[in-house]
Amino acid sequence: MFRAYIFGRQLTMRPVNVTSAASIVIFAMLYGVIEHTLLTSPLGVRIFVYPLSVQLFGNLYFYHVLMLALAVLVAFNPFFDIFFFRSTKAAKRQALLWGSGNIINFIWIEDLSYWILFGEWPKDVMTPLNLSFYGIVWWYPVAFVTACVLYALTIRGMPKGRGLGMS
């Protein structure tokens, strides 16, 4: 564990939480690159083939389900031992909160990666319900604040010492 002082307040964090949040950001940006490459093939060939091209509903395709499953694995991977081998409810709650924050961050960062990495407007700007300001769609800040609240609840619930049997 390490301690950080933010706004004059001491926060105790575990390195696994920081590294899991960083890995989900990297994975979200890589997912954005993969999706951009699949959608804008310079070969003029349709990259999506069955079953990836199966449209479930709206703009949701089967490849979204597969990649979201991978995102869940990346987001919750450091905490699987807590879910399956720990009996402390507080530890499970902390892992669930942090992993949920990771998933929420994955969703908006992946969508924003179009604008960050390629200088293109995000995919969701194409729909009339999404108003954007220089590539920032209205729900990005909402998702970011929601993930920050989940992270803060996790940090607040962490013991100041080495508790919960987690190191």
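This is a predicted model: local features need pLDDT of at least 70, side-chain atom pairs count only at pLDDT 80 or more; totals for chains, interfaces and linings use all residues.
Of the 167 residues in the chain, 35% are buried.

**Overall picture**

- Take the contacts between residues at least 6 apart in sequence: 62% of them join residues at least 24 apart.
- The chain exposes about 10100 Å², and carbon and sulfur atoms account for 72% of that area.

**The nonpolar patch and the end of helix α4**

- Val-33, Ile-116, Leu-117 and Phe-118 together make a nonpolar surface patch of about 300 Å².
- Which helix gives the most to this patch? That's α4, spanning residues 89–118, with three residues.
- Leu-117, one of the patch members, is found in helix α4. Its relative accessible area is 38%, so it counts as partly exposed.
- Ile-116, also in the patch, has its place in helix α4 too. Here the relative accessible area is 46%, which again means partly exposed.
- Ile-116 pairs up in space with Gly-32: the two are 84 residues apart in sequence, and their C-alpha atoms are 9.8 Å apart.

**Ser-113, also in α4**

- Is Ser-113 buried or exposed? This helix α4 residue is buried, because its relative accessibility is 0%.
- Setting aside neighbours within four places in sequence, Ser-113 is in contact with Ala-28, Met-29, Gly-32 and Phe-118.
- Two of those names come up elsewhere: Phe-118 belongs to the nonpolar patch, and Gly-32 is the residue whose C-alpha sits 9.8 Å from that of Ile-116.

**Arg-93, another α4 residue**

- Arg-93 lies in helix α4 and is partly exposed, because its relative accessible area comes to 46%.
- Arg-93 and Phe-83 are ten residues apart along the chain, with 9.2 Å between their C-alpha atoms.

**Aromatic rings**

- A pair of aromatic rings is described by the distance of the centres and the angle of the planes.
- How many aromatic pairs are there? The count comes to eight.
- The Phe-76 and Phe-83 rings have centres 6.0 Å apart and planes at 50°, so this pair is tilted.
- On the Phe-76 side of the pair, relative accessibility is 11%, so the residue counts as buried. Phe-83 comes in at 23%, which means partly exposed.
- Trp-139 and Tyr-140 form an edge-to-face pair, with 4.9 Å centre to centre and 80° between the planes.
- Trp-139 is buried because its relative accessibility is 18%, under the 20% cut-off for that label. Tyr-140 is buried as well, at 1%.
- Ring pairs also link Trp-139 and Tyr-140 into a cluster with Trp-108 and Phe-144.

**Ser-20 in helix α1**

- Ser-20 has its place in helix α1, which covers residues 15–39.
- With a relative accessible area of 1%, Ser-20 is buried.
- What does Ser-20 touch, not counting residues up to four places away in sequence? Its partners are Pro-78, Phe-79, Trp-98 and Asn-102.

- Gly-157 lies in the segment that comes after α5 (139–156).
- At 38% relative accessibility, Gly-157 counts as partly exposed.
- Along the chain, Gly-157 and Ala-90 are 67 residues apart, yet their C-alpha atoms are separated by 7.9 Å.

Methods:
Residues are numbered from 1 along each chain as its sequence is written. Side-chain values use heavy atoms; hydrogens and water are left out. Patches are made of residues with over 30% relative accessible area and no salt bridge: like charges are joined within 9 Å, nonpolar side chains (Val, Leu, Ile, Met, Phe, Trp, Tyr) within 5 Å. Accessible areas come from the Shrake-Rupley method with a 1.4 Å probe; for residues, only the protein chains shown count as cover. A salt bridge is a side-chain nitrogen of Lys or Arg within 4 Å of a carboxyl oxygen of Asp or Glu. Helices (H or I, at least four residues) and strands (E, at least two) are DSSP runs, numbered from the N terminus. Buried means under 20% relative accessible area, exposed over 50%, partly exposed in between (1.4 Å probe, protein chains only). Contact means heavy atoms within 4.5 Å. Rings of Phe, Tyr and Trp (its six-membered ring) pair if their centres lie within 6.5 Å; planes under 30 degrees apart count as stacked, over 60 as edge-to-face and the rest as tilted.
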